[in-house]
Amino acid sequence: MAYSDKVLDHYENPRNVGVLDKDDPNVGTGMVGAPACGDVMRLQIKVNGEGVIEDAKFKTYGCGSAIASSSLVTEMVKGKTLDEVAEIRNKHIADELALPPVKIHCSVLAEDAIAAAIADIRAKRGEGSEASADEAVAV
Amino acid sequence: MEVQEQIKINRDERPSTVSSLNIPIYMDYSATTPVDERVAARMAECLTKQGVFGNPASRSHPFGWQAEELIERARKDVADTIGADPREIVWTSGATESDNLAIKGAAHFNVKRGKHIVTMKTEHKAVLDTCRQLEREGFEVTYLDPQPNGLLDFEAFEAALRDDTTVVSIMHVNNEIGVIQDIARIGAICRERKIVFHVDAAQSPGKVPIDVDAMKVDLMALCAHKVYGPKGIGALYVRRKPRVRLEAQIHGGGHERGMRSGTLPTHQIVGMGEAFRIAREEMGAENERLHGLKERLWKGVEDMEEIYLNGDMDQRVPGNMNISFNFVEGESLIMSLKDVAVSSGSACTSASLEPSYVLRALGRNDELAHSSIRFTIGRFTTEEEVDFTIAKVREAVEKLRELSPLWDMHKEGIDLDTVQWAAH
């Protein structure tokens, strides 16, 4: 099985590998996947006062495509707001990395990781989901 | 267009030379072996007009007689390697076909005595898929679990045998973990109960001694390409005393005593015969050398944290090492070992996304099955290649553990079994 240049590049030069302090109130942590499935991604985002993601870090247990997907995601989210980032779809990731059909699920997991990280930061800020945020506003 | 670009990348990485190393280094001898030059030379003599190209079944002229003579010599070489009579060797297209012929052939022939078959979950797909097909035809199959070390559980085995059991199929040497089953003991049990005993011995020649009489084997599947012969040729040993009878699977001319029709490929058969002859004669010295190289490989990595050897340490062929590197996923490890050709029990590397059924049958949890690498060395492996591999493995595992959230959690003392995973 051949790996695309982009996947290899992310493996050889991974962007933003590391850890943020999960207890930091400005850090959202999303951990998705399961060892039994062979894929676990941890994505962390640091959000500033304006709601912009100023830093992102990842660690992934998984195949080259999974590593590349999560590495790419950290690049994609930096400098964006939470709302903008929620627009990211696995298709964007899969297209950018030229993932073959059998590896599409890696990009899906990366999309899930973003959602989980956003949900975490929102929960920390008491924003909850969009629906309950509206309710909160209504109250 | 993307795919072609990817293929081009691979072609650019074809073997170059670093000192005396050919990169990438081949450590996948269990998958297949290169044809030994001595074997290739013999084969080349049987192709062109100047060579022995005749149809071995041509009774009326020297072209046929010469081909037949070479084939009978090869038949003897194969028979000698397993302690059989040449008349007990049937040529096939490979071990897969031999497995099909043996199991389907014996099951169908004995259908009036019973329709129950016993085998193990760790068998090669050629055996398992054949059994599944027989299940679709109304046969009943018991798939036994191995012990954690990969060896047959004899208590479970004897308990599984019934009055209507007609065929038992157990492989001699396992392709994934290299464990060697106690075939003689199984043979004795089957002989007593008059059950046809089939052994897939594709991985055995040249690695372990084979004696079909001492082992009380009735049918044995063999192939050439695991022992430095060509792909596309194999054989099935079919016992004459006591006679084992099979229903043929391929018809058309009655070749091989009616058991397998089809014009015999002289060049392939000569190749297999020569490969087996060499394997038999050089087995002792080669095994010693491989054992030393394997020890070297193991010593180079055994001090690493959280690594597990899959399969029994002692009851295994010298060239096989199957290791799980915990907290690192197998396919990413193979990708980072780009200069070493190995294979993995990881789901990602199989089309089905399921981890190795062999490792799972051993009781390995899914993570360790996902994290496994199989290294198999062979005739052309050198010390330099082993040292290079050790260095690359250590480097790759370290780098991937740096990237792994599971490694972090392990370092923090978290028991991963207690974690609630948000699986997708």
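How many residues does the contact take from chain A and how many from chain B? In this predicted model, the contact takes 31 residues from chain A and 30 residues from chain B.

## The side of chain A that touches chain B

On the side of chain A that touches chain B, at least two residues each come from helix H1 (5-12), strand S1 (27-34), strand S2 (39-47), strand S3 (53-61), H2 and H5 of chain A. Sorted by class, the residues of this side of chain A comprise 21 nonpolar, six polar and four charged.

## Helix packing in chain A

Two packed helices are described by the angle between their axes and the distance between the axes. In chain A, helix H2 (residues 64-77) and helix H5 (residues 104-124) have axes that come within 9 Å and cross at roughly 40°, which means that H2(A) is oblique to H5(A). The crossing in which H2(A) passes H5(A) is right-handed.

From H2(A), the contact is made by Ser65(A), Ala66(A), Ser69(A), Ser70(A), Val73(A) and Val77(A), and from H5(A) by Cys106(A), Ser107(A), Leu109(A), Ala110(A), Ala113(A) and Ile114(A). The contact of H2(A) with H5(A) has eight nonpolar and four polar residues, and no charged residues.

## Helix packing in chain B

In chain B, helix H3 (residues 62-82) packs with helix H8 (residues 266-301) at an angle of about 35°, and the axes of the two helices are 8 Å apart. The crossing in which H3(B) passes H8(B) is left-handed.

On the side of H3(B), the contact is made by Ala67(B), Leu70(B), Ile71(B), Arg73(B), Ala74(B), Asp77(B), Val78(B), Asp80(B) and Thr81(B), while H8(B) brings Thr266(B), Ile269(B), Val270(B), Met272(B), Gly273(B), Phe276(B), Arg277(B), Ala279(B) and Arg280(B). By class, ten nonpolar, three polar and five charged residues make up the contact of H3(B) with H8(B).

## The sheet of chain B

Strands of a sheet pair through backbone hydrogen bonds, either parallel or antiparallel. In chain B, seven strands form an open sheet with mixed pairing, in the order S4-S10-S9-S8-S7-S5-S6. At the edges stand S4 and strand S6 (140-144) of chain B, each with a single partner strand, so one side of each has no neighbour in the sheet. Ignoring direction, neighbouring strands of this sheet are turned by 20° against each other on average.

Strand S5 (residues 116-120) and strand S7 (residues 165-169) of chain B pair in the parallel sense over four bridges, with Val118(B) standing opposite Val168(B) in S7(B). Helix H5 (residues 125-136) of chain B packs on the sheet, where this helix touches S5, S6, S7 and S8 of chain B, and the direction of the helix makes about 155° with that of S5(B).

Glu135(B) has its place in helix H5 of chain B, and this residue counts as partly exposed because it has 13 C-beta neighbours inside 10 Å. From Glu135(B) to Ile250(B), the separation is 115 residues in sequence and 20 Å in space, C-alpha to C-alpha.

## Backbone exceptions in the loops of chain B

Most residues other than glycine have a negative phi, and most peptide bonds are trans. Ile23(B) and Pro24(B) are joined by a cis peptide bond with omega about -10°, and Pro24(B) lies in the loop between strand S2 (21-23) and strand S3 (25-26) of chain B. The peptide bond from Lys241(B) to Pro242(B) is also cis, with omega near -10°, and Pro242(B) is in the loop between S10 and H8 of chain B.

A positive phi near 55° is found at Lys216(B), a residue other than glycine, which is in the loop between strand S8 (196-200) and strand S9 (219-223) of chain B. Glu256(B), likewise not a glycine, has a positive phi of about 55°, and Glu256(B) lies in the loop between S10 and H8 of chain B. Are Lys216(B) and Glu256(B) buried or partly exposed? Lys216(B) counts as partly exposed because it has 19 C-beta neighbours inside 10 Å, whereas Glu256(B), with 20 C-beta neighbours inside 10 Å, counts as buried, since a residue is buried if 20 or more other C-beta atoms lie within 10 Å of its own.

Terms used
Residues are numbered from 1 along each chain as its sequence is written. Chains are lettered from A and ligands numbered from 1 in the order in which they are written. This is a predicted model: local features need pLDDT of at least 70, side-chain atom pairs count only at pLDDT 80 or more; totals for chains, interfaces and linings use all residues. Axes are lines fitted to C-alpha atoms, for helices over the stretch in contact, and angles run from 0 to 180 degrees between N-to-C directions. Angles under 35 degrees count as roughly parallel, over 145 as roughly antiparallel, 65 to 115 as roughly perpendicular and the rest as oblique. A crossing is left-handed if the near helix is turned anticlockwise from the far one by less than a right angle, and right-handed if clockwise. Two residues are in contact if their C-beta atoms, placed from the backbone, lie within 7 Å. Ala, Val, Leu, Ile, Met, Phe, Trp, Tyr, Cys and Pro count as nonpolar, Asp, Glu, Lys and Arg as charged, and the others, Gly among them, as polar. A residue is buried if 20 or more other C-beta atoms lie within 10 Å of its own, exposed if 12 or fewer, and partly exposed in between; C-beta atoms are placed from the backbone. Two strands pair if DSSP finds at least two bridges between them.
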